[in-house]
Amino acid sequence: MNTRPGAGQPYVRDQMLAEKAPPILAAGPLKWARENLFAGPVNSALTVIGVLVVLWGVQAAYPWLRHSVWTASSLGECRAIIAASWGEGASGACWAIINERWTQFIYGFYPSHLYWRPVLALGLLFFALAPLLFGETVRIRMAVLGVVTLLLVAALVQLGTGSGLSDLALLAALLAALWVMWKTPSRMLWFAVLYPFLAFWLMWGGSIWLPLVALAGLGVGWLALRATLGFGGLVAIVAAIVAPLIWWLFVAGPVFAWLDASLPVAIEAVRSDKFGGFVLSLTIGISGIAMSLPLGILLALGRRSDMFLVKTLSVGFIEFIRGVPLIALLFTASLLLNYFLPPGTNFDIILRVVIMVTLFAAAYIAEVVRGGLAALPRGQFEAADALGMDYWQAQRLIVLPQALKISIPGIVSTFIGLFKDTTLVVFVGLLDPLKGITDAVRASPDWKGVYWEPYLFVGAIFFIFNFSMSRYSMYLERKLKTDHS
Amino acid sequence: MPNTAIDRTIDRSQMQVSDEIAIEITGMNKWFGTFHVLRDIDLVVQRGERIVIAGPSGSGKSTLIRCINRLEEHQTGRIVVDGTELTSDLKNIDKVRSEVGMVFQHFNLFPHLTILENCTLAPIWVRKTPKKEAEAIAMQYLEKVRIPEQAHKFPGQLSGGQQQRVAIARSLCMRPRIMLFDEPTSALDPEMIKEVLDTMIELAQEGMTMLVVTHEMGFAQAVANRVIFMDQGQIVEQNEPREFFNNPKSERTKLFLSQILGH
Amino acid sequence: MALASDMPKAGFRPSMLLYDTRYRSLTIQVVVLMLFMAGVAWLVDNTVRNLAALGKDFNYGFLWQRSGYDISQRLIEYSSDSTHGRAMLVGLLNTFLVSAIGCVVATVIGVIAGVLRLSKSWIVARLMTLYVEVFRNIPLLMWILLFYAVVTEAMPPPNAFRGDDAASSMILFDSVAITNRYTAVPDLLFSRSLGSLELGYVSLNINLVLLIAAVVGGVLANRALLRRATRIQEATGARPTTWWQSLALLFGPTLGVLAGLGFHLGYPELKGFNFVGGINVSNSLMTLAAALAIYTGAFIAEFVRAGILSVSQGQTEAAYALGLRPGRTMSLVILPQALRVIIPPMISTYLNITKNSSLAIAVGYLDLRGTLGGITLNQTGRELEAMLLMMLIYLAISLAISAVMNVYNASVKLKER
C-alpha cells in the first residue's frame, strides 16, 4: 500500500487493484436473508406473520385438494368416494363436475359437432391481430403464429370438421396464411378487415351471402371515398360514411335475398340462444372492443375539438356512459332498446348486448385515446399543419398512428375490464361462463350444491387469460417507454 | 464535455487550508452486490481544501462522496467525518448529515414547497430553529446566491440554473462545515452553468471545505487546491491542479485528460 | 407591402362555408346540431309510437302508489304499505350504505396492502402481490358469488347453535354468530337514550346526532390543537409533543357521550328459531360489502404503490442529506407528493364501488337497482320511466364525485412555469 494521500502530497498509483469478493455477509444468500427477510424489527415481525399466513393457507387448502375425485357422475357419488378413500368427514374437491361438464363452460350449448368453428375463429383472431400486437420483429410474430397454427391444427384434428377434405383444406389455408404473413405482412392487413365477417359467419353460420353483402358495404364506402377525394377531406369522410349506410339500410336486404334465392351456399346455422360460456364472453368482449375503437377515437377527437358543440356532445356522451353502471346499460339493451327503435324491429339479444357493450367500451377507450393524444408532443401537430395537411389527413397519417401506439397498454387494460364485465350478461338472460353456466349445471339434480369447483375453474381461466394480457400490456408499455425516451 | 472558462479574478485571501482534518477515509471498500465499486480508498481531507474529483463514468466518484454522508453504506474500512465515525449508529449519521451539505446533479428541490419553505424545512425540523429565524437565514443565503426575489415561487417556475442555486442555498442554511457536489452542472444548459459555477467559486472564496465531482476542468484549475483522478473504483492519481493538468504521471490520467480537454 | 386591411373585400361565396376557417367550424357545428336534433327526434318519435302501440303512457305517478312489497334490509321506516317512491329511497340508502362500507374498508385494505407491497420483507411483498394480482384479474361477480355461497352453504343454520351441546358455537367471546341467513352481531344500545325527533319524511335519532357532534367536535378540537402546536414551533423551534392530547381530544368527547347515554352492547341470543337481542346483518349485505372491499382494495393498493414510487429517489436522498429522519421525510416530503398522485384515481375508484354495488342483484340485496329498477319496474310495468330515473340518479352521484375530484385536483396542482 502506498503512502496515504494527504493534503498537498502528490500521489500516483503504480498498480491497479483487482476486484475482490465481498465479505460473506455482504453478498450471497445470507445477505439476501438479512436484507429481505429480517431488515429490522418491523420487517422481521412482518416476515414471521407472512410465513404464518402462508402456512395457514396451505394447511387449509391442501387436504381439500389432495382428496380430489376426478371421475364421478354426481356430487353424491363424489362424496361417497371421498368417504370411502379418506374416511368419513373428510372433505375433498370434486373435480369430476369439471371433467364432465367442461365443454359447457367453454362452449355453452353450442352444437358439439360444430365446436371446430369457434375454435377456428379464435385461432384466426391471432392472425388478424398479428400485425398490430406482435409487430416488433418478424421472429416474434412468426413464433407466435406458428404456435397458434400448431394448436389450431391439433384442436381441429381432435374435434373434426366433419370431413377429411375440409380438414386438409383448412390446413392448407392456414399454411398459406403463415407464408403470406412471413413474406408480405402488409397484405395480412386485408385479412384484418375481412376477419370480422369471416368470424361472424363461422360462429353463427347461415348463408355465406350475408357476411359478403355486409362486407360489400365497406367496399362501397371505399369507392365513395376515392370518388370524392377531390372535393376535400370533409366531403370525402361524409361520403365514406353515408354511402355504406345507404347500402346497408336499403340496398343490402334485397341484394341478399336475391343472391340467397338464386345461389344458396350455407353452413349449418347456430341460434344465438345456444351461445354460452367462454365462447359467449369472448364474442361479446372482442366484438365490443373492436367496434368501440373507431367510435372511441372519434369521441376522443371530439372531446379535444375547439368546436363548442362537438366538444359538449362528446363530453356529455362520455360522462353519461361512465356515470351509470354497466348493469343499467344491459337492462336498457334488453328492456328499452325496443322502445327507441322503430316499432316492429326486434333483433337478437346478443346483438343488442354487443351494441350496449360497444357504447360502454367506447367511452372508456375515448379516455384512453385522449390520454394518448395528450402524450403526443405538440410539435407533431404543428409539423402536420406546417406540411399543409388538413385536419383529417393529419389525424390519419401522423397523429393517430402514434397516439394509438401509446394507447395500446390502456386499450388492453380496458379490454381486460370489459372481459371481466361480460360475466354480467347473466342478468339479461345470457349464459355467461360464471353464473349462467354454473347455475345451469347446478340445476341438474346430479350436481346441486356444488360451488367451489366450478367457480374456481372459471376463476382460474379468467385469471390466466387476464394475467397474461396484463403482463403483455406491461411489456408493451416498457417497450414504448424505451422507444420514446 | 463542457469546459466553461473561468475569466474572473479569484480572491484567494480566505482560501486557507488548515491542519485540522475534516474527512478521513481509511481502507474503504464498497460492493454493490458482487460488483466491487470502491477499492481500498485512502483519503484525508483537511479543512479549507477544495478538492475536485474527476474520472470516467462508472469510476465510483459519485459513490465515494455519497458514502461520506451515508447515502451509501461502505462494507469495510473507516470513514471519519469531523471526528465522528460513520457506522450504522443513527445518532452518528444524524450528526454527520447536519455537518455535511450535498448538492445533487438533478437539484432534487421539493416541488410542493416554495423556495423559502425548501430552505427553511431542515432548519425548522432538524435544528429546531424558530420559523422567523429560519426564514431570515434563508433570505440571507438566497441573497447570497442572488435570487431573493424568487423566495415565494415554486421550483417548477424556475430555470435549471436558478434551481441549482436554490439547492446550494438550501444546503447552506444548515450551516454545514463541508459541502459535497455531485456533478452539479451536468444537467444544466450551457448558458446556466456559469451562474452556478460563480456561486461555487464564491463559496470557495469564503473558505468552505468542498469536494466536487465534476467535468468542469476550468473550475478545477481556477479554484481547486487538489485534483483527484479516479478509475475503476480507486484513486489513481492526485496532485495540485497545475501539476495535474500539465504533468500527468499515470497513463490512465493522460488518456482521460486527452479525452476531456482535447475538444 | 400589403397590409391585412388592404386585402380585397371579396364577396361572400357559399364554398367559403366549408373552406374558410372563419365559417368552417360554424358550418360543421350547425350540421352536427341538425344531425343530433334529427337523431333525437327520431328516437323520441319511435318511443312515442311504441308506447302508444302498447297502450302505455309516460308518467311518474307510480312513485306515489302503494308498493306492496317488503324490504327486509332497510335503514329507514318502510312497510309494504309505503309508496314506490319510499321504496326507491330505501334502495338508494342501501346503495349508499354498502358503498360507504365498501369504500372505507377498501381504503384501509388498499393502503395497508400497497405499503406492504413495498416492504423490504420479501415474503410479505410477494403475498401482497399475490393478493393484488389474483383479485384484480378475476371478475368481481365471482368473488361476490363465492363469498355468498361459502356463507350460505357452509355456515350452519341458527338452530345449530341451540343447546348445551350445540353443533356450532359463537365466536368472539360468544358475541357473533355466523349463520347461513345472517350474521348476528351485538346491537348498539343506549340505556339512557334521548329518543328521536320526527321531521315529516324521516325521523332523526338524537343519539346519533349527539355522537356525530362529538366526533366532529373532537376532530375540530384536534385541528386547533395541532395549529397551536405549529404556532409554538414557529415561534420557538420546539414542537410540543401532542400525541396523547390528540388521542384524548379525538376519542374523549365520543367516549363521554357514549358513557353519558349509557352505551352498552346487546348480545344476540338464540330464542326460538332465530337470534334476537342483537343486529342480524343479512348475509347479502355482508358478503356484498366484503367482496367489494377486498376486490377494490387490490386496485387501491396498486394506486398507493404507484403513488409512492412516483416520488423520485432523489427527493428522499435530498431530505436525508439535509439531516431529516425517515419518519419526517415521509410525512413532510414523500407523502404530500405521493398523495397528489394517489388521490385522483382513488376517487374514481370510489365511484366504481358505487356503480359496482349494483351487482347486489346477484345476492338479492335490494339496492337502488333492486327496488326502482327491479321489483318496482316489474310490478308497475313502467320500464322506461323507472330505468331513466335510475340512470339519472346514478349519473347525479357520479357527477358529484367527479366534481369533488376536480376540486381536489385544482387545489393541489403543482405550480409550473
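1. In chain B, strand β1 (residues 21-32) pairs with strand β2 (residues 35-46) in the antiparallel sense over eight bridges, where strands are DSSP runs of E of at least two residues, helices are DSSP runs of H or I of at least four residues, and both are numbered from the N terminus. Two strands are taken to pair if DSSP finds at least two bridges between them. Within this pairing Ile25(B) stands opposite Leu43(B) in β2(B), and the two strands form a hairpin with two residues between them, Gly33(B) in the turn having a positive phi of about 65°.

2. On the provenance of these values, this is a predicted model, in which local features need pLDDT of at least 70 and side-chain atom pairs count only at pLDDT 80 or more, whereas totals for chains, interfaces and linings use all residues. Residues are numbered from 1 along each chain as its sequence is written, chains are lettered from A and ligands numbered from 1 in the order in which they are written, and side-chain values use heavy atoms, with hydrogens and water left out.

3. Strand β1(B) is also joined by five bridges to strand β4 (residues 76-81) of chain B, and these two run antiparallel; here Ile23(B) stands opposite Val81(B).

4. A further sheet involves two chains: seven strands form an open, mixed sheet in the order β1(A)-β10(B)-β9(B)-β3(B)-β8(B)-β7(B)-β6(B). Its edge strands, each pairing on one side only, are β1 (11-12) of chain A and β6 (100-103) of chain B. The link between the chains consists of two bridges joining β1(A) to β10 (residues 234-239) of chain B, the strands running antiparallel, and Tyr11(A) has Gln238(B) as its bridge partner.

5. Helix α2 (residues 90-99) of chain B packs on this sheet by touching β6 and β7 (178-182) of chain B, and its direction makes about 65° with that of β6(B). Helix α6 (residues 190-205) of chain B touches β3 (50-54), β7 and β8 (209-213) of chain B, at about 150° to β8(B). Axes are lines fitted to C-alpha atoms, for helices over the stretch in contact, with angles running from 0 to 180 degrees between N-to-C directions.

6. Between chains C and A, 58 residues of chain C are in contact with 59 residues of chain A, contact meaning heavy atoms within 4.5 Å. The two chains bury about 5200 Å² between them, 74% of it on carbon and sulfur atoms; buried area is the accessible area (1.4 Å probe) that two parts lose on being put together, summed over both. The rule finds two salt bridges across this interface, a salt bridge being a side-chain nitrogen of Lys or Arg within 4 Å of a carboxyl oxygen of Asp or Glu. Arg471(A) forms a salt bridge with Glu133(C), with the closest N and O atoms 3.5 Å apart.

7. Between chains C and B, the contact takes 28 residues from chain C and 32 residues from chain B, burying about 2700 Å², 61% of it on carbon and sulfur atoms. The rule finds three salt bridges across this interface, and Glu317(C) and Arg66(B) meet in a salt bridge at 2.6 Å, N to O. On the side of chain C that touches chain B, α6 (206-236), α9 (313-321) and α10 (326-356) of chain C each supply at least two residues, the largest share, seven residues, coming from α9(C).
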